[in-house]
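Dear colleague,

Please find below the structure that I am handing over to you. My notes on it follow directly after.

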Amino acid sequence: MGVAVLLKQVPDTTAKISVTDGRVDESSITKWSISPYDEYALENAIRLKELGYGDVVAITCGPARSSKCLVEAAAVGADKLIHVVTDSSSLDSIQIQALLSAAVKESSCDVVMCGKQAADTNSGSTGPGVASALGYSCVGAVTEVSIEGGVISATRLGPSGLEEVEVGVPCVFTFDKGDAELRRPNVRGIMMAKKKPIDSLTSDDLGVDTSNSAVSVESHSSPPEKPPGKKFVGIESVPEVVNMLRNDANVI
Amino acid sequence: MSTTVIAESSNGSLHPITSQLVGAASALGGSITVICPGGIGSTDAAQISGVSKVISVEGDCFHTYDCMAWSESLSPLVEGDLILSSSSAMSREILSSIAAKKGVPVVQDVTNLAEGFSATRPIYSGKAIEEVRVPSPCAISLRPNSFEPAGGGGDAEIVTVNVSQDITVAVKQALAKAGERLDVSEADIIISGGRGMGGPSNFSHLYEVADVLGAAVGASRAAVDTWDEIPHSMQVGQTGKTVTPNLYIAVGISGAIQHLAGMRSSKYILAINKDPEAPIFGVADYGIVATWEEALPVLKGQLLEMLSS
């Protein structure tokens with residue numbers, strides 16, 4: 001029993017990303033937030049808890065600043081907080097999945113929830129990767145979960161459309177944006193969250209070797225600037241633009 | 001050097017991106033094996049130029065989608081220095097799972113791949129570009145329309161493998177069929193509307209143009225958040241879908257940074273907006289300053305005329 005929710009702290013999606021000396025300049029990022037799809041995972045984790053499925057354990061993996069995610073999760077109802085303290089930017093997918101899997105084991109939860117992908121790398125490797133590492137089932141692109149008689153049903157966007165699936169535990173669910181309204185913390189929740197202890201674990205504590213990352217970042221760069229386009233005023237230009245789309249751009 | 005390509009299928013046949021995956025593998029040299037889950041498209045895959053072998057993997061588990069059952073079935077058949085797949089939502093899941101089972105690193109949504117391996121991928125939905133070095137063996141998913149497709153005329157041998165795998169995810173009921181309309185992540189041409197469309201019912205004007213072009217219809221986050229009738233599945237942007245069509249037409253979209261992040265890599269961008277200062281014009285190849293009410297009927301008429309001539 002119990003739901004572990006994996007939260008990643010990312011630059012807010014409204015943040016400008018600037019590159020200095022071949023690296024994204026993190027110091028210029030003024031606002032860090034829980035990755036948007038992870039917020040849906042958190043909301044659904046709390047709903048499952050309200051349906052009687054044990055405690056919610058919020059887990060994040062990242063540098064010191066990431067603990068803010070955990071406090072935010074506690075403010076809306078997470079019961080236990082685990083911070084895997086690491087410089088996650090230098091880790092490869094195997095290492096991150098090993099750390100998170102070890103933290104999930106530590107939490108003893110048999111349901112794991114996370115966003116379908118994070119808003120920084122947009123990769124989407126963590127959910128299925130953690131499920132594989134733990135030997136759990138995995139249901140992706142979920143918008144809603146419910147539980148009846150111990151069986152969990154999920155609404156997911158599958159290859160043939162929106163469908164309701166049943167799955168046994170242990171299982172990992174990755175979340176898409178659904179209709180669920182995200183709850184906002186109240187003052188009492190915020191005050192209580194600040195007092196909630198955070199269990200800080202290192203890779204050594206979890207027995208994961210993080211010394212050699214297989215994937216090394218060579219450089220970051222800003223996307224190439226496009227040359228200025230052609231701008232016209234008024235609909236008289238439409239025939240000319242359509243003509244250019246066909247004869248210059250060859251796209252229609 | 002040997003590469004295993006996991007074929008992409010859609011609606012029961014081979015998806016054209018499979019040729020792009022083979023094209024990317026051919027550029028690196030060596031032998032190329034294409035694995036077709038559920039046996040879908042194996043005959044077509046064998047005809048892609050450069051393919052050495054096709055493995056048609058058949059079994060009951062492929063009748064429904066269970067990521068773990070699929071990856072468990074495919075993993076033992078995946079070999080070599082490089083595993084390639086498309087970066088579609090489903091293929092990313094399967095690739096991540098196979099990579100985790102095999103203990104190899106995975107890098108997703110790569111737009112350029114060179115020997116070594118040296119991979120380029122957009123991060124922060126394209127607000128920055130990252131170059132990474134990944135040793136073999138590794139798993140890499142490729143972004144559609146970023147690699148030259150391999151040609152036809154191949155004649156690879158097809159090996160059929162039967163697998164048996166338990167399913168743990170059972171489909172109870174279909175709630176809504178996949179849209180009859182093309183999804184934005186599949187389309188070569190996309191026409192998207194923003195809050196400037198004034199109301200969800202006005203999206204019908206976008207559909208009219210889309211029908212002429214065979215395009216998909218998308219929307220900005222502002223439109224999706226404002227109107228319940230516009231589903232999140234249509235959303236283009238950092239918290240929606242990142243798209244790279246040949247032509248992206250933005251109508252009544254001002255161009256918030258998170259929207260630009262999701263569509264700026266489109267090959268050509270046409271923006272229609274009544275505000276000449278709208279940021280969308282900064283990334284557009286062609287811009288028309290006009291209201292959608294004026295512009296869309298004329299655009300539709302011109303397209304009809306051109307495509308019928």
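Predicted model: local features only at pLDDT ≥ 70, side-chain atom pairs only at ≥ 80, totals over all residues.

Asp109(B) belongs to strand β7 of chain B, which covers residues 106–110. Its phi is near 60°, a positive value in a residue other than glycine.

Asn145(B) also has a positive phi near 60°, and it too is a residue other than glycine. Is Asn145(B) buried or partly exposed? Asn145(B) is partly exposed, since 18 other C-beta atoms lie within 10 Å. Its place is in the loop between β11 and β12 (157–162) of chain B. Such values deserve a remark because most residues other than glycine have a negative phi, and most peptide bonds are trans.

Two peptide bonds are to be noted as well. In chain A, Val169(A) and Pro170(A) are joined by a cis peptide bond with omega of about -5°. Pro170(A) sits in the loop that links β11 (161–167) to β12 (171–175) of chain A. In chain B, the bond from Ser136(B) to Pro137(B) is cis, and its omega is near 0°. The loop that holds Pro137(B) runs between β10 (128–133) and β11 (138–142) of chain B.

Turning to the contact of the two chains, 72 residues of chain A and 72 residues of chain B take part. On the side of chain A that touches chain B, the elements that each supply at least two residues include α3 (93–107), β9 (137–148), β10 (151–158) and α7 (238–247). By class, that side of chain A has 33 nonpolar, 27 polar and 12 charged residues. Strand β11(A) runs antiparallel to strand β13 of chain B (residues 169–177), and 7 bridges join the two. Within β13(B), Ala174(B) is the residue that stands opposite Glu163(A).

Lastly, chain B is divided into domain 1 (2–162) and domain 2 (189–308). Taken over C-alpha atoms, the centres of these two domains of chain B are separated by 31 Å.

With kind regards

Notes. Residues numbered from 1 in each chain as written. Chains lettered and ligands numbered in written order. Domains from an automatic or database assignment. Helix = DSSP H or I, 4+ residues; strand = E, 2+ residues; numbered from the N terminus. Buried ≥ 20, exposed ≤ 12 C-beta atoms within 10 Å, placed from the backbone. Contact = placed C-beta atoms within 7 Å. Nonpolar A, V, L, I, M, F, W, Y, C, P; charged D, E, K, R; others polar. Pairing = 2+ DSSP bridges.
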